[in-house]
Amino acid sequence: MAIISNSISEAAALLKQGKLVAIPTETVYGLAGNAFDSQAVLEIFCVKKRPHFNPLIVHTHNLEAVKSFVLDIPSPLKKLAENFWPGPLTLLLLRDGAKIHDLVTAGNDQVAVRVPNHSVCLELLRSLDFPLAAPSANPFGYISPTSAKHVQDQLGDAIPMILEGGSSQVGVESTIVGMGENEKVQIFRYGGIGAEDLKAVLSYMPEVHSQKGKTLAPGMLKSHYAPAKKLVFGDAKSLIEIFKGKKMAILCFTAKHEGVEDNNQLVLSPSGSLEQAAQHLFSHLRILDDLTVEIIIAEKVPDVGLGKAINDRLRRAAAER
Ligand code: TXA
Ligand code: MG
């Protein structure tokens, strides 16, 4: 079992020894190791059982710290960093190969970086003289953790410490952006910063990066973020009709539905707030996954703002495995 502790100095000491520590961020908990230490990075892949073609996000405490291991920060991305950091936005930047090992980026020329908006995490990062590589602290393909307990339940036996930082306030992973071939910013993964918010800064709506057969972002793999149970995604009423006779659970947006046991339904946000829905998304999915049901129905939410990230996660959770 890992120790769950709020001691930043203890976490820092372990990380300096090359050990892994689960860290809180405003999006989800991360499984962190020294990004400059290839052994620690390798250990992250082992603990997570993550395929090596899936690169990791590198976390720092500010934009200045990023400059020590990237070659260039294109001005539109710099502008986004200035507007949204610390916060749930990840930038893809040309890496300095002497500092950032191939393992971190899966051989990509670009490294993913972000400055998380979480006071405990920021204090930890400030106390280190290296950045932290950290994917979400869940076994590969499973639901991301938004509390120390979620991490303990799944990775507790494999790591020495989980740094306690409360429930993740955003609840979905960061939005990933990079430069497209046309010199415009593109979205590589929907997340905690809405496309509309990016547009307000860029004065154009960024396009979604088309993968053209490359597996750059595992968060963009068809099946990901998935519970153990079968999950279907879409209009709840029609899905309840289709699966009539099966024992089902429902992840509802604003209200429970007729015809399914009350105890087997959870509501993301009674007031219809997408922020609140994102906050509850992964923890509610975990609760439903533990029920004795055959199928989980996840209701589609409005496809705007954080709703795009929520629908994206649910669509991938529903994908064929
Ligand atoms: O909010 C977040 O981003 C959380 C917290 C812990 O910071 N982290 C997170 O990490 O979601 P992970 O590993 O679960 O997802 C990272 C995504 C992956 O889909 C990965 O492929 C993409 O970032 N990524 C990382 N490095 C990349 C690179 N060099 N090029 C393209 N995509 C990259
Ligand atoms: Mg992940």
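**Helix packing and cysteines in the predicted model**

The crossing of helices H4 and H8 is right-handed, and it is described here, like the other features below, from a predicted model. Helix H4 spans residues 75-84 and helix H8 spans residues 195-202, and the two pack at an angle of about 115°, with their axes 10 Å apart. On the H4 side the contact is made by Pro 76, Lys 79, Leu 80, Asn 83 and Phe 84, and on the H8 side by Asp 197, Leu 198, Val 201 and Leu 202. Sorted by class, the residues of the contact between H4 and H8 comprise six nonpolar, one polar and two charged.

The crossing of H1 and H6 is right-handed, and the residues that make the contact are Ile 8, Ala 11, Ala 12 and Leu 15 from H1, together with Val 120, Glu 123 and Leu 124 from H6. By class, six of the residues in the contact of H1 with H6 are nonpolar and one is charged, whereas no polar residue takes part.

Helix H10 (residues 274-289) and helix H11 (residues 306-318) also pack, with axes that come within 9 Å and cross at roughly 20°. Since angles under 35 degrees count as roughly parallel, H10 and H11 are therefore roughly parallel to each other. H10 passes H11 in a left-handed crossing. From H10, the residues Leu 274, Glu 275, Ala 277, Ala 278, Leu 281, Phe 282 and Leu 285 meet Leu 306, Gly 307, Ile 310, Arg 313 and Leu 314 of H11. The contact of H10 with H11 divides into nine nonpolar residues, one polar residue and two charged residues.

The cysteines were considered separately. A disulfide is a covalent bond between the sulfur atoms of two cysteines, and a search of the whole structure for such pairs finds zero disulfides. Cys 121 has a relative accessibility of 0% and therefore counts as buried, the cut-off for this class being under 20% relative accessible area. Cys 252, at 1% relative accessibility, likewise counts as buried.

Technical notes: Residues are numbered from 1 along each chain as its sequence is written. Chains are lettered from A and ligands numbered from 1 in the order in which they are written. This is a predicted model: local features need pLDDT of at least 70, side-chain atom pairs count only at pLDDT 80 or more; totals for chains, interfaces and linings use all residues. Side-chain values use heavy atoms; hydrogens and water are left out. A crossing is left-handed if the near helix is turned anticlockwise from the far one by less than a right angle, and right-handed if clockwise. Helices (H or I, at least four residues) and strands (E, at least two) are DSSP runs, numbered from the N terminus. Contact means heavy atoms within 4.5 Å. Ala, Val, Leu, Ile, Met, Phe, Trp, Tyr, Cys and Pro count as nonpolar, Asp, Glu, Lys and Arg as charged, and the others, Gly among them, as polar. A disulfide is a pair of cysteine sulfur atoms within 2.5 Å. Buried means under 20% relative accessible area, exposed over 50%, partly exposed in between (1.4 Å probe, protein chains only). Axes are lines fitted to C-alpha atoms, for helices over the stretch in contact, and angles run from 0 to 180 degrees between N-to-C directions. Angles under 35 degrees count as roughly parallel, over 145 as roughly antiparallel, 65 to 115 as roughly perpendicular and the rest as oblique.
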